Amino acid sequence: MKFEEIEILMRKNETLSEQYILPENFIIVRLDGKGFTKLTKEKLSLEKPFDQKFSVVMTNTVKHLFNSGFRIIYGYTQSDEISLLIHKNDNTFSRKIRKINSVLAGEASAFFSPQFQEVCVFDCRVIAVPNHDMILDYFCWRQEDSHRNSLSAYCYWTLRNNGCNAKQATEKIEKLSMADKNELLFQYGINYNNIPFWQKRGIGIFIKETDKMGYNPFTKQNVASIRKTLHVEQELSVRENYRSFINAIVKNALKKDIKK
């Protein structure tokens, strides 16, 4: 078979399995650390249950992804997980799922690994989101997951630090309600309400516009300009307040498109 014929066949086989996110759908991407349980427990010396440096690296990884070529509206991170909301009008890589997955997973892995001098790999999945309610539901879901996992982690490591082995600690908390877990911590002198918010609810990152005054040396006048910066929010609201927070970010992004 000639080279040209082989190329046509292979290109055809590639495109037959190609999947795309349909137009007018927002795109949510979730990245998870592959094998991070082993990484954080055996290879890295981290504070338990939460490590400040690890959280900073995760946040910086999200900020890096904002500059990866996609129109990212909002980023969220908790534990070893990252969620990104991509604008519904983004047409990067023609919205091919394969390309979105591979590029963002590669970008996250390449940025994160040197921070700990270990090979760290992220996997990636793409979700098509047709409306605002699903966007709000998704991020509330991930925030509630963060809250539940955080509470369990505090209970687990509190028991470990007070004489329980891994099996005993796991068995003791696995059937406890959230109220019971709060009570368990209280018995050891820990008020979960006083835990830093980023440990309970995760961290949000979004583009924020601020007014900045400058001086024009040619006109010799003070001038106002708008500066875009990535804002890191470590005290995310809960439930309905969080929905309103996300909704405002989405509406603001769409409003800018209308003005254009």
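I take contact to mean heavy atoms within 4.5 Å. The model I am reading is predicted.

**Entry 1: the whole chain**

I began with the overall count. The chain has 9 helices and 6 strands. Its C-alpha atoms fill a box of roughly 70 × 65 × 40 Å along the principal axes. I then looked up burial. Of the 260 residues, 40% are buried. The accessible surface comes to about 15300 Å². Carbon and sulfur atoms hold 50% of that surface.

I also checked how far apart in sequence the contacting residues are. I took the contacts with a separation of 6 or more, and 71% of them join residues 24 or more positions apart.

Next came charge. I found 39 positive and 30 negative side chains. The centres of the two sets lie 3 Å apart.

**Entry 2: helix α4**

I picked α4, residues 97-116, and tested its length. At 1.5 Å a residue, its 20 residues should span 28 Å. The end C-alpha atoms are 29 Å apart, so the two values agree.

Which residues of α4 are buried? I listed Ile97, Ile100, Leu104, Ala105, Ala108, Ser109, Phe112, Ser113 and Phe116. They cover an arc of only 155° around the axis, so they sit on the same side of α4. I noted the general rule beside this. An α-helix has 3.6 residues a turn, so residues three or four places apart point the same way.

I turned to the face away from the buried side. Ala110 and Pro114 are exposed there.

What covers the buried residues of α4? The cover includes β1, α2, α3, β3 and β4 (121-129).

I then stepped past the end of the helix. Glutamine 117 follows α4, and its phi is positive, near 55°.

**Entry 3: helix α7**

I repeated the check on α7, residues 178-187. Lys181, Leu184 and Leu185 are buried in this helix. Seen down the axis, the buried residues of α7 fall within an arc of 95°, so they line one face. Ala179, Phe186 and Gln187 are exposed on the other side.

What do the buried residues of α7 pack against? I found α5 (132-160) and α6 (166-173). Just after α7 comes glycine 189, with a positive phi of about 80°.

**Entry 4: backbone angles in the loops**

I looked for positive phi in residues other than glycine. Glutamate 24 has phi near 70°. Its place is the loop between α1 (3-16) and β1 (26-34).

Is glutamate 24 buried, partly exposed or exposed? Its relative accessible area is 48%, so I call it partly exposed. The cut-off I used for exposed is over 50%.

Serine 79 also has a positive phi, near 55°. I placed serine 79 in the loop between β2 (72-78) and β3 (81-86). Its relative accessible area is 47%, so serine 79 is partly exposed too.

**Entry 5: a cis peptide bond**

Last, I looked at omega. Where is there a cis peptide bond? One joins lysine 48 and proline 49, with omega about 5°. Proline 49 lies in the loop between α2 (36-43) and α3 (52-65).

Notes:
Residues numbered from 1 in each chain as written. Heavy atoms only, no water. Helix = DSSP H or I, 4+ residues; strand = E, 2+ residues; numbered from the N terminus. Buried < 20%, exposed > 50% of the residue type's maximum accessible area, 1.4 Å probe, protein only. Areas by Shrake-Rupley, 256 points an atom, 1.4 Å probe, with all protein chains shown as cover. Lys, Arg positive; Asp, Glu negative; His and termini not counted. Charge placed at Lys NZ, Arg CZ, Asp CG, Glu CD. Expected span 1.5 Å × (residues − 1). Arc of directions from axis to C-beta.
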